[in-house]
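Subject: Structure for you to look at

Hello,

Please find the structure below, followed by notes on what was found in it. Keep the model open while you read.

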Amino acid sequence: MWKFSIILSWPTVLNGQCLFDDNREITKIGEDYALDKSFWEFEKKDGIVTVPFYMDDASIISGAIVHSVIREIEKNVNCVKFVRQDELPAKTTKHLHIKSMYPECSHTVKGGVRLRTKNKRRELHMFTYACRVNRDIWKQVFFHEMFHVFNIMHTQKRKDRDRYITIIEENIYDGRVIQYEKCEKCKYWKFIPYECQSIMHYASSTFAKNQTRSSSTQEMLFPTMRTKNEVRCKQSDLDDTTSVPTMNDWRMLNLALKCL
């Protein structure tokens, strides 16, 4: 069960968290990131992947971000088209349901994707509304979750991650270490480089017990990860992950949807 706690204080550092479990949801099929065969894919006809979607009532800022992200995906993925639905489709119809779980504005923005086998509804959960305080991190988390919708895994779970980063388990919240475990069943494209600035890579603050940063450098003092290779993976990228997909992120999404 996913949990949400209301935090009344507003720290200077915003925090984004994703609750998608790659080990549970993804398995190896062929050469792609792919779900278990019992999971369905969106329909593709005449080379176009059509994604019907319905969005719950949300704040004006949330709605604006959702539509801006969808436009960016359509711009960068040449075979996908999103079609908004006026009413929530039946569970027997393939569609994406974007859900806002709590009508509150919080500095901690959590998201997750549920991939169902018993019906045709794929659910993207955002656990707080977007507002002026959290709009940037809300967009980052929503972008991240949209990649999960199309079966893209967390970067830090790649089997080759130990070449680039060290996981510091004692700095991770109890019960969340699993989110940092390598996904042995996940297949990744070896020609896609490991990028710590990927939209799919956790930050070194994600699920960190202690969020304290250096007052002079803003470096995490108790990070969940440290780099092993400053050339390929800068610590600064781990401490402050990008808010937009990289070129290689877009390549992965095109590959996952077989657009290339």
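Methionine 252 is found in helix 5; helices (H or I, at least four residues) and strands (E, at least two) are DSSP runs, numbered from the N terminus. This is a predicted model, in which local features need pLDDT of at least 70 and side-chain atom pairs count only at pLDDT 80 or more, while totals for chains, interfaces and linings use all residues. Residues are numbered from 1 along each chain as its sequence is written, and side-chain values use heavy atoms, with hydrogens and water left out.

Methionine 252 is buried, with a relative accessible area of 5%. Here buried means under 20% relative accessible area, exposed means over 50%, and partly exposed is in between (1.4 Å probe, protein chains only). Along the chain, methionine 252 and isoleucine 192 are 60 residues apart, but their C-alpha atoms are separated by 7.7 Å.

The rest of helix 5 is worth a look as well. Helix 5 is mostly covered, as eight of its ten residues are buried. Among the buried residues of helix 5 are Asn248, Asp249, Trp250 and Leu253. Just after helix 5 comes lysine 258, which takes a positive phi of about 55°.

Next, the core. A nonpolar core is a set of buried Ala, Val, Leu, Ile, Met, Phe, Trp, Tyr and Cys residues joined through side-chain atoms within 4.5 Å. The largest one has 45 residues, and Ile73 and Met146 are those with the most contacts inside it. At least two residues of this core are supplied by each of several elements, including strand 5, helix 2 (60-76), strand 8 (108-115) and helix 5 (247-256). Which helix gives the largest share of this core? Helix 3 does, with eight residues.

Valine 49 is in strand 5. Valine 49 is buried, at a relative accessible area of 3%. Between valine 49 and valine 80 there are 31 residues in sequence, and 4.6 Å in space, C-alpha to C-alpha.

Now the charged side chains. A salt bridge is a side-chain nitrogen of Lys or Arg within 4 Å of a carboxyl oxygen of Asp or Glu. How many salt bridges are there by this rule? The count comes to eight.

In one of them, the side chains of lysine 182 and aspartate 162 meet at 2.8 Å, N to O. Lysine 182 lies in the loop between strand 10 and strand 11, and aspartate 162 in the loop between helix 3 and strand 10, so the pair ties together parts that are 20 residues apart in sequence. Lysine 182 is partly exposed at 27%, and aspartate 162 is partly exposed at 33%.

Aspartate 240 and arginine 213 form a salt bridge through their side chains (3.6 Å, N to O). Aspartate 240 is in the loop between helix 4 (235-239) and helix 5, and arginine 213 is in the loop between strand 10 and strand 11, so this pair ties together parts that are 27 residues apart in sequence. Arginine 213 counts as buried, with 13% relative accessibility.

Arginine 226 forms a salt bridge with glutamate 219, and their closest N and O atoms are 3.3 Å apart. Both ends are partly exposed: arginine 226 at 32% relative accessibility and glutamate 219 at 31%. Salt bridges that share partners also join Arg161, Asp162 and Lys182 into one network.

Two further residues concern the backbone. Most residues other than glycine have a negative phi. Aspartate 46 is not a glycine, yet has a positive phi of about 55°. Aspartate 46 is found in the loop between strand 4 (44-45) and strand 5 (48-55). Phenylalanine 207 also has a positive phi, near 60°, and its place is in the loop between strand 10 and strand 11. Are these two residues buried or exposed? Aspartate 46 is exposed, with a relative accessible area of 74%, whereas phenylalanine 207 counts as buried at 2%.

Regards
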